Amino acid sequence: MRLHFPDGEHADAVLSEGQTTVGSTSDNRIAINQGGVQAHHATLTLDARGLVVTVLPDGVGRTHVNGRPVRDMAIVRMGDSITFGAITALVKPVSDK
């Protein structure tokens with residue numbers, strides 16, 4: 001799986017098994033310093049069961065999956081959209097082939 005940012009705020013990010021952090025500071029694997037993304041916004045966890053987004057305290061009320069607010073965590077599937085602040089990422093296969 002990968003995150004694709006259709007408006008170009010970040011390069012596509014291939015997700016590997018384990019945790020990927022998203023936030024505005026450089027200590028996040030996906031660092032986006034714009035659009036209301038908080039310092040430590042969310043964690044994405046990929047394992048054999050699928051992808052889960054967990055909202056961190058900074059990102060509560062600012063994280064959505066398919067337009068629905070996420071208060072704690074949500075299961076994310078291929079084709080879903082995740083919004084961090086005002087930045088939207090699409091969940092896509094690793095390759096568009």
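At 44% relative accessibility, Asn 66 counts as partly exposed, a class that lies between buried (under 20% relative accessible area) and exposed (over 50%), computed with a 1.4 Å probe on protein chains only. Asn 66 is placed in the loop between strand E7 (63-65) and E8, where strands (E, at least two residues) are DSSP runs numbered from the N terminus. Its phi is near 55 degrees, a positive value in a residue other than glycine.

The model is predicted, so that local features need pLDDT of at least 70 and side-chain atom pairs count only at pLDDT 80 or more, whereas totals for chains, interfaces and linings use all residues. Residues are numbered from 1 along each chain as its sequence is written, and side-chain values use heavy atoms, with hydrogens and water left out.

**The two sheets**

An open sheet of six strands has antiparallel pairing and the order E2-E1-E11-E10-E7-E8, two strands being paired if DSSP finds at least two bridges between them. Strand E2 (13-14) and E8 stand at the edges of this sheet, and because each has a single partner strand, one side of each is left without a neighbour in the sheet. Within the sheet, E10 and E11 run antiparallel and are joined by four bridges, and Phe 84 has Ile 87 in E11 as its bridge partner.

Another open sheet is formed by five strands in the order E4-E3-E5-E6-E9, with mixed pairing. Here strand E4 (30-31) and E9 take the edge positions with a single partner strand each, so one side of each is left without a neighbour in the sheet. E5 and E6 form a hairpin with two residues between them.

| Strand pair | Bridges | Residue pair |
|---|---|---|
| E3 and E5 | five bridges | Gln 19 and Thr 45 |
| E5 and E6 | six bridges | Thr 43 and Thr 54 |
| E6 and E9 | four bridges | Leu 51 and Val 76 |

**Thr 20 in strand E3**

Thr 20 belongs to strand E3 (residues 18-23) and is buried, with a relative accessible area of 2%. Its side chain is joined to that of Arg 29 by a polar contact of 3.2 Å; such a contact is a pair of N or O atoms within 3.5 Å, of which, within protein, one must be able to donate a hydrogen and the other to accept it, while residues adjacent in sequence count only if both atoms are side-chain atoms. When neighbours within four places in sequence are left aside, Thr 20 is in contact (heavy atoms within 4.5 Å) with Leu 15, Arg 29, Ile 30, Ala 42, Thr 43 and Leu 44.

In soluble globular proteins, nonpolar side chains tend to be buried together. Not counting residues up to four places away in sequence, Ile 82 touches Leu 3, Leu 44, His 64, Val 65, Val 76, Ile 87, Thr 88, Ala 89 and Val 91.

Val 70, in the loop between strand E8 (68-69) and E9, is buried with a relative accessible area of 5%. With residues up to four places away in sequence not counted, Val 70 touches Val 55, Thr 63, His 64 and Val 65. Val 70 and Val 60, which are 10 residues apart in sequence, are 7.4 Å apart in space from C-alpha to C-alpha.

**Salt bridges**

The structure holds two salt bridges, each defined as a side-chain nitrogen of Lys or Arg within 4 Å of a carboxyl oxygen of Asp or Glu. One of them joins Asp 12 to Arg 2, with the closest N and O atoms 2.2 Å apart. Asp 12 lies in the loop between strand E1 (2-4) and E2 whereas Arg 2 lies in strand E1, so the pair ties together parts that are 10 residues apart in sequence. Asp 12 is partly exposed, with a relative accessible area of 38%, while Arg 2 is buried at 5%. The side chains of Asp 47 and Arg 49 also meet in a salt bridge, at 2.8 Å from N to O; Asp 47 counts as partly exposed at 26% relative accessibility, and Arg 49 is exposed, with a relative accessible area of 78%.
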